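Student: I have a new model open and would like to go through it. Can you take my questions as they come?
Tutor: Go ahead.

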Amino acid sequence: MTTAVARPPRWHPVLVVLHWLTLALIVAQYSLARLMGDESRDLLGRFVLYQWHKSIGLTVALFVVMRLSLRLVIPDPEPLPASAWLRRAALAVHAGLYLCLLVLPATGLLMVAAAPIQIPTLYFGWFAIPHPIGPDKATYELMRSLHGLVFDSLVVLGLIHLGAALVHQFAWRDRLLRRMWFGRAGSGLP
């Protein structure tokens, strides 16, 4: 005899924290990437920006792995009523977001590892991350291109995700956002 696991009214608080921390780190990454492109900065300043960008990117990957691992053991909230195509679309967008958040750090790490100029990756200055491959111009160019393409995909999927959340919150008023916010399921957001 199997027993059904009761589904909670909202996402587990650890998943909520990881969700919003991941968003904050993505915003920080975008800001750092903009600053890194400023070639008028001194070399040491750019080095520090790159190290922060790489460290935050690896942290995002760690958070995503943690989220996916936790989702294997923590029950999801009961799905809201929706048509089959809408559920499939939501699943596709979420899968795409997770994929982008894993591929971005991977292409970033491979890009710096394959770069003609070998600069170590220092995780927040605490320790060096070994480079999995050596210098290779073709691999560097491919990873650089893929890194940009995956970032663009992340932005598009992120905007779709945000748009859907806003529709749920303000048009359908189904309280979806409450489930991915802090506090009790019945408090906080309208």
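Tutor: One term to begin with: a residue is buried under 20% relative accessible area, exposed over 50%, and partly exposed in between. Also keep in mind that this is a predicted model.

Student: Fine. Which of those classes does Arg175 fall into, and why?
Tutor: Arg175 has a relative accessible area of 47%, so it is partly exposed. That value lies in the range between the 20% and 50% cut-offs.

Student: And Arg173, what class is that?
Tutor: Arg173 is exposed, because its relative accessible area is 61% and the cut-off for exposed is over 50%.

Student: Where does Arg173 sit in the chain?
Tutor: Arg173 is in the segment after α4. Arg175 is found in the segment after α4 as well.

Student: What about the backbone there, what is phi of Arg173?
Tutor: For Arg173, phi is near 50°, which is a positive value in a residue other than glycine. Arg175 also has a positive phi, near 65°, and is likewise a residue other than glycine.

Student: Back up to the overall fold. How many helices and strands are there?
Tutor: The protein chain has four helices and two strands. Along the sequence the order is α-α-α-β-β-α, with α4 covering 137-172.

Student: What box do the C-alpha atoms fill?
Tutor: Roughly 55 × 40 × 30 Å, taken along the principal axes.

Student: How much of the chain is buried?
Tutor: Of its 190 residues, 30% count as buried. The chain exposes about 12,000 Å², and carbon and sulfur atoms supply 72% of that area.

Student: New topic, pockets. What volume does the largest pocket have?
Tutor: About 1,800 Å³. The lining of this pocket takes in 48 residues.

Student: Which residues lie nearest its centre?
Tutor: His19, Ala90, His94, Leu97 and His161.

Student: Which helices supply the lining?
Tutor: α1 (13-36), α2 (43-73), α3 (84-114) and α4 (137-172) each give at least two residues to the lining of the largest pocket. The most come from α4, with 13 residues.

Student: Last one, charges. How many positive and negative side chains are there?
Tutor: The protein chain carries 17 positive and 9 negative side chains. The centres of the two sets lie 13 Å apart.

Note on methods:
Residues are numbered from 1 along each chain as its sequence is written. This is a predicted model: local features need pLDDT of at least 70, side-chain atom pairs count only at pLDDT 80 or more; totals for chains, interfaces and linings use all residues. Side-chain values use heavy atoms; hydrogens and water are left out. Buried means under 20% relative accessible area, exposed over 50%, partly exposed in between (1.4 Å probe, protein chains only). Accessible areas come from the Shrake-Rupley method with a 1.4 Å probe; for residues, only the protein chains shown count as cover. Lys and Arg count as positive and Asp and Glu as negative; His and the chain ends are not counted. The place of a charge is taken as NZ of Lys, CZ of Arg, CG of Asp or CD of Glu. On a 1 Å grid over the protein atoms alone, a cavity is a set of points where a 1.4 Å probe fits but cannot get out, and a pocket is an open set with protein on both sides within 12 Å along at least five of seven lines; lining residues have an atom within 4 Å of a point. Grid points are joined across faces, edges and corners, and a volume is the space filled by probe spheres set on the points.
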